Amino acid sequence: SLLSAPIRAAHHVLTTNKRPPPAPAAKASTAMSGQSSGCGFLTSVVVHGDSALSEQEKELGRRLRRLYPAVDERETPLPRSWSPKDKFSYIGLSQNNLRVHYKGHGKTPKDAASVRATHPIPAACGVYYFEVKIVSKGRDGYMGIGLSAQGVNMNRLPGWDKHSYGYHGDDGHSFCSSGTGQPYGPTFTTGDVIGCCVNLINNTCFYTKNGHSLGIAFTDLPPNLYPTVGLQTPGEVVDANFGQHPFVFDIEDYMREWRTKIQAQIISRGQGLKVGNNSSPFSPDRMVASYLVHHGYCATAEAFARSTDQAVHEELASIKNRQKIQKLVLSGRMGEAIETTQQLYPTLLERNPNLLFMLKVRQFIEMVNGTDSEVRCLGGRSPKSQDSYPGSPNPSPSHSASIHSLASPAKPSGSHSYLPGFDSSCSNGVAPGRPHPSAHCPKQLPSTPSNAELNTINSVRSQQANACTSGDIDMEVDHYSNGVSGSSSNGFLNGSSKHDIELEDCDADMDPALPRRQLCGGSQAAIERMIHFGRELQSMSEHLRRECGKNAANKKMLKDAFSLLAYSDPWSSPVGYQLDSIQREPVCSTLNSAILETHNLPKQPPLALAVGQASQCLSVMARSGIGSCAFASVDDYLH
Amino acid sequence: MACMLEAPLRISVLSEVTATSRHYVDRLFDPDPQKVLQGVIDMKNAVIGNNKQKANLIVLGAVPRLLYLLQQPTSSLELRTECAVVLGSLAMGTENNIKSLVDCHIIPALLQGLLCQDLKFIEACLRCLRTVFISPVTPVQLLFTDPTVIPHLMSLLSRSQRTQEYITQIFSHCCKTPEHQMILYNHGAIQNIAPLLMSPSYKVQMQALKCFSVLAYENTQVSMTLVNVLVDGELLTQVFVKMMQRDRPIEMQLTAAKCLTYMCRAGAIRTDDTCIIMKTLPCLVRMCSKERLLEERVEGAETLAYLMEPDVELQRIASITDHLVAMLADYFKYPSSVSAIADIKRLDHDLKHAHELRQAAFKLYASLGANDEDIRKKITETENMMDRIVSGLSESSIKVRLAAVRCLHSLSRSVQQLRTSFHDHAVWKPLMKLLQNAPDEVLVMASSTLCNLLLEFSPSKEPILESGVVELLCSLTQSDSPALRVNGIWALMNMAFQADQKVKVEIVRALGTEQLFRLLSDPDANVLMKTLGLLRNLLSTRPHIDQIMSSHGKQIMQAVTLILEGEHGIEVKEQTLCILGNIADGHTAKELIMTNDDMLQKIKSYMGHSNVKLQLAATFCVSNLIWNEEDGEEDAATAHKGDDTGGNPVARGSQERQDKLREMGFVDILHKLTQASDPNLCDRAKTAMQQYLA
């Protein structure tokens with residue numbers, strides 16, 4: 001029954017809070033580096049508690065993000081220091097594992113020793129760079145700087161073995177997986193800064209000496225190489241710079257060149273598309289046209305089709321119908337939206353019980369919000385600014401906004417990265433659903449309305465509901481705009497005096513700075529109606545489960561929706577995000593897609609599909625070691 | 001109008017001209033101005049992209065009529081503008097078209113047109129002027145004949161992006177001499193053009209940038225001004241550095257690098273400035289890479305060669321940057337065997353640039369190897385390098401020959417290369433060939449290289465001597481060019497060093513004493529120095545000294561006297577005193593001094609000279625005069641002195657000389673000099689004194 005819902009919700013909230021808090025050290029490191037990578041050595045660094053050091057870490061984080069914006073460090077952390085675990089015993093590390101010194105005998109080449117960085121170079125860097133300063137050349141200056149794959153023998157200098165590459169200071173030779181070197185560059189010694197740049201687009205590597213590029217040293221490099229240094233005689237000391245300090249060589253200038261190259265390639269491919277015919281659904285003209293039709297911008301779609309000699313693939317009437325429904329959904333009038341859908345597409349919802357359920361859940365949420373038609377006419381307030389979609393036939397702002405939210409998934413609002421019609425296509429295991437952001441953490445303990453109170457509310461239910469027809473809602477809006485429940489001009493009963501007192505209590509609890517928001521718009525009758533509706537929803541859910549089997553998504557959807565009632569102020573609760581009008585958009589687009597499908601039209605516009613594919617493609621490229629993904633951000637083309 | 005009268009004379013060409021072309025010209029003479037206008041517009045549409053039509057119209061005399069209409073105050077502005085447009089279109093054709101237009105005095109007419117207020121008309125005139133001026137057949141001087149033109153063009157820069165583009169393009173093409181630079185500079189070119197670097201139009205930016213490169217070239221005043229110019233609060237050098245960023249168009253990077261290079265070479269930016277070492281130099285090296293177009297690679301290599309020519313540090317950095325030395329080897333692979341087969345167009349393109357590429361590479365190698373031995377070694381070790389130079393020396397293109405000999409010259413400064421690769425590849429052969437009737441600039445480089453090949457440790461010296469080079473070198477000493485005279489005499493000097501008697505005699509014979517003494521009074525100090533050097537080398541080892549002095553003693557003593565009495569620098573006098581010292585070493589030759597009291601007085605006074613070097617040389621001379629031959633000990637003070645210790649001791653002679661010199665007061669002076677603060681002088685004086693004690 002519904003009554004149990006708040007308790008479950010409370011439990012849900014509790015378990016959320018009960019999650020073991022992260023270890024303080026790790027937490028601090030996260031905060032300092034600005035990364036969630038939880039890199040092992042970072043924690044140890046923080047334990048030292050050196051504030052200058054933390055400043056350095058911050059600087060490192062900033063520089064790495066600027067250099068390698070396409071790298072997702074949760075998946076592929078960047079090298080930040082030498083690994084104390086992945087080194088030969090003759091290697092000593094100090095200064096936060098950035099300084100390397102030799103501590104062996106250094107008698108023969110058998111005494112050579114190397115150390116690898118903590119992580120391999122992620123392909124999504126596109127171009128990767130690090131520098132090594134020769135602090136001391138030691139006895140003979142047999143230093144090697146380079147790259148090696150995991151597992152390559154560390155009792156060697158970089159370059160001597162398979163999957164190992166190095167540039168040696170004593171002779172200036174390059175060693176490409178071989179014991180004999182090739183003449184490559186000048187020798188290097190104490191005071192010199194040697195840089196190593198890996199180009200993950202063409203899989204080459206070049207070195208720099210004191211900021212001067214020495215030219216290509218290696219080609220056809222394998223993926224997943226680690227920055228590596230090797231030393232061989234006593235006294236040899238080198239310092240690494242993985243981004244802790246500005247580089248001597250202007251690597252960003254080199255990156256600019258490659259970004260320009262990649263983008264020129266993209267543009268030139270795009271031009272190939274333009275001259276092609278319009279037969280492919282992915283020809284630019286048809287992509288634009290179908291996008292317009294899909295979202296029901298009929299005037300624009302018509303004009304565009306005319307100017308590009310295309311046929312509009314759907315009757316205008318149908319576009320208008322869909323537009324009407326969309327408008328209702330986006331303005332939170334779910335009841336009407338469902339009704340209209342049933343009128344216009346009689347069999348659609350019958351055949352899609354899960355869709356209907358989703359719509360109903362949304363309707364429930366809108367009731368809580370006080371925006372659904374059924375509760376609005378019961379005297380709820382209607383915050384104009386939030387809900388009133390202007391009567392214009394063109395709700396474009398909402399769609400363009402959703403594209404932006406896709407472009408920058410890290411928006412603090414916590415809105416889903418989402419493009420209408422795109423969500424479902426990409427959730428097939430490739431892009432796991434984003435956990436809803438923790439930014440909504442409760443700032444205070446939720447004061448759950450007691451059962452007693454709810455019971456009271458139930459008992460004071462009045463004879464309102466059916467009195468409301470979907471008539472001139474817009475006119476009524478003006479009457480209720482002040483949100484005060486007691487002055488219903490329609491003469492509905494507004495609850496008992498007890499309710500009024502309760503409201504005052506609520507007011508006291510509320511943050512005075514926040515706009516006044518009340519459950520179901522503050523109308524007692526509306527609350528009654530909402531509760532009743534909730535029960536129907538509960539039984540519909542049970543019915544569905546019997547008919548179609550368990551559905552985790554449905555279950556979660558219902559639980560989340562019901563959880564809203566567990567808080568005196570649902571809007572600022574951990575589940576309050578559901579009340580945000582932006583959450584109407586996925587519902588709207590799912591419904592839109594379903595309608596289109598019945599007309600044998602694609603359930604998502606090819607444009608959205610293409611954008612989605614492009615973003616997916618980039619992350620697949622990153623995982624497959626194709627470096628050009630670094631310079632092909634989808635964002636660059638969405639603005 | 002003169003041209004129009006000429007036109008009917010070209011009857012033979014006329015016969016080929018189609019009737020339609022004639023119709024277009026006829027319409028320009030219609031009494032109805034509206035019809036004339038329509039005729040010009042139709043003509044405009046007819047000539048676009050049609051070179052034959054353009055030529056026809058020019059032959060039919062359209063140009064003078066168009067110019068007439070353009071200049072006529074009664075013509076409507078629209079008609080005048082259309083006329084300028086058509087003329088601009090005609091100029092876009094062949095070089096012959098341009099010549100015809102210039103012959104019809106189109107330039108003054110268009111410049112006059114710029115005084116009009118109407119922007120569209122001005123733009124049309126400027127566009128046409130631009131097209132005419134950027135042609136190599138147009139004399140650039142025409143821009144500067146009327147002194148009011150430049151200031152007026154400066155004032156038009158503010159009118160529109162088009163005026164900016166055309167005017168800056170005209171400037172950058174017409175600024176060819178230091179005078180042109182100063183005219184533009186004095187009319188505020190820098191202040192007027194600098195803001196255009198920030199123009200939203202790429203074309204304007206580029207033309208402005210090109211202007212700065214031609215203005216700064218070898219011009220210290222302009223360059224010094226440029227370094228202090230601010231554009232939008234930013235130093236001009238920084239603006240140029242930004243333009244060299246690797247994501248900018250190549251043309252922009254290259255031109256910005258040229259600007260900075262020229263400013264650096266003009267002394268306005270230090271060679272160790274970051275903007276040169278870390279930005280300009282690497283940018284220019286990138287321009288030499290295989291990825292760049294052939295034209296860009298040529299320009300990049302030439303600019304880089306120019307940038308680092310005087311600075312060994314830049315040469316060292318460039319030599320390790322991006323495998324430049326190896327990268328340049330690719331410049332010699334055009335036309336490649338692939339391009340010949342692949343397609344004719346490519347082959348043609350490659351052929352056209354092959355010479356340019358080769359000479360640019362030679363120039364850059366010459367610059368790279370100018371000072372550093374390691375770099376020279378690296379260059380000569382580059383694949384087939386010496387063979388390439390050798391074949392470059394005999395290429396048909398003079399530009400390539402000159403660059404190749406420059407490269408060879410640069411490498412010839414290396415003792416090791418002279419001993420090895422130069423000899424192995426017998427570079428002297430093509431070099432000798434090159435020296436026969438080559439233009440002066442080639443000759444200077446080739447003879448200078450020859451100087452190095454004639455150094456005593458060079459194994460090429462022998463074969464060169466045998467090839468009869470003496471006559472050639474002697475003829476160089478008679479050249480009008482001081483550089484050639486120096487090289488000629490220098491080579492002879494090197495040749496005479498420790499040479500056989502036969503060679504020395506040959507030199508004296510071929511040169512002739514007359515020429516030798518003419519050279520001793522040469523206005524060029526360098527020539528004089530090398531001539532004295534030659535004399536000194538000729539006068540080494542006793543038999544040679546005695547032989548030469550016996551035949552030319554009188555003239556030589558005369559010349560020595562003249563020089564010692566003349567207004568010359570310390571080095572010249574020192575060298576002369578050394579010659580005297582060598583003469584004093586001869587058996588019979590020394591009598592020429594001993595019997596010349598005037599000379600002895602001169603030597604005495606130089607022993608008391610304020611300059612230690614001259615004191616040393618004079619003392620050396622005296623020391624030789626008083627030497628006890630049986631002692632046989634050689635004074636090793638000069639390497640140019642022979643090492644022959646043999647000879648017939650004439651002890652009595654030395655005693656007499658010692659006595660005479662003592663009488664003349666030399667002993668007192670020598671005694672004083674043994675107390676000299678300079679240890680060398682002190683030693684030398686002591687050694688001389690010992691001769692008296694012996």
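The axes of helix H38 (residues 542-565) and helix H39 (residues 570-585), both of chain B, cross at roughly 145° and come within 10 Å of each other. The crossing of H38(B) with H39(B) is left-handed. On the side of H38(B), the contact is built from Arg542(B), Ile545(B), Met549(B), Ile556(B), Met557(B), Val560(B), Ile563(B) and Leu564(B). H39(B) answers with Val572(B), Lys573(B), Thr576(B), Leu577(B), Ile579(B), Leu580(B), Asn582(B), Ile583(B) and Asp585(B). By residue class, this contact between H38(B) and H39(B) comprises twelve nonpolar, two polar and three charged residues.

For the complex, the predictor reports an ipTM of 0.79 and a pTM of 0.71. Chain B has an average pLDDT of 86, with 93% of the residues scoring at least 70. For chain A, the mean pLDDT is 74, and 67% of its residues reach 70 or more. In chain A, the pLDDT is below 50 over residues 1-48, a stretch that makes 51 contacts beyond near neighbours in sequence. It is also below 50 over residues 380-514 of chain A, where 189 contacts of this kind are found in the model. Where pLDDT is low, predicted coordinates should not be read in detail.

Turning to the sheets of chain A, one of them is an open, antiparallel arrangement of seven strands in the order E2-E3-E14-E5-E10-E11-E12. Its edges are formed by strand E2 (91-94) and strand E12 (212-218) of chain A, each of which pairs on one side only. Neighbouring strands of this sheet are turned by 25° against each other on average, with direction ignored.

Strand E3 (residues 99-102) of chain A is joined in antiparallel fashion to strand E14 (residues 236-241) of chain A by three bridges, and Arg99(A) has Asp239(A) of E14(A) as its bridge partner. E14(A) also runs antiparallel to E5(A), to which six bridges join it; here Val132(A) is partnered by Ala240(A) of E14(A). Strand E5 (residues 127-137) of chain A pairs in turn with strand E10 (residues 193-199) of chain A, in the antiparallel sense and over seven bridges. In that pairing, Val127(A) stands opposite Asn199(A) of E10(A).

A second open sheet of chain A likewise has seven strands and antiparallel pairing, in the order E1-E4-E13-E6-E7-E8-E9. Strand E1 (82-87) and strand E9 (182-183) of chain A are its edge strands, each pairing on one side only. Within this sheet, strand E7 (residues 164-168) of chain A pairs with strand E8 (residues 173-176) of chain A through three bridges in the antiparallel sense. The bridge partner of Gly166(A) in E8(A) is Phe175(A).

Phe206(A) belongs to strand E11 (residues 204-209) of chain A, while Phe249(A) sits in the loop between E14 and helix H5 (251-275) of chain A, so the pair ties together parts that are 43 residues apart in sequence.

Notes:
Residues numbered from 1 in each chain as written. Chains lettered and ligands numbered in written order. Predicted model: local features only at pLDDT ≥ 70, side-chain atom pairs only at ≥ 80, totals over all residues. Heavy atoms only, no water. Pairing = 2+ DSSP bridges. Helix = DSSP H or I, 4+ residues; strand = E, 2+ residues; numbered from the N terminus. Axes fitted to C-alpha atoms, helices over the stretch in contact; angles between N-to-C directions. Left-handed = near helix turned anticlockwise from the far one by under 90°. Contact = heavy atoms within 4.5 Å. Nonpolar A, V, L, I, M, F, W, Y, C, P; charged D, E, K, R; others polar. pLDDT = per-residue confidence, 0-100.
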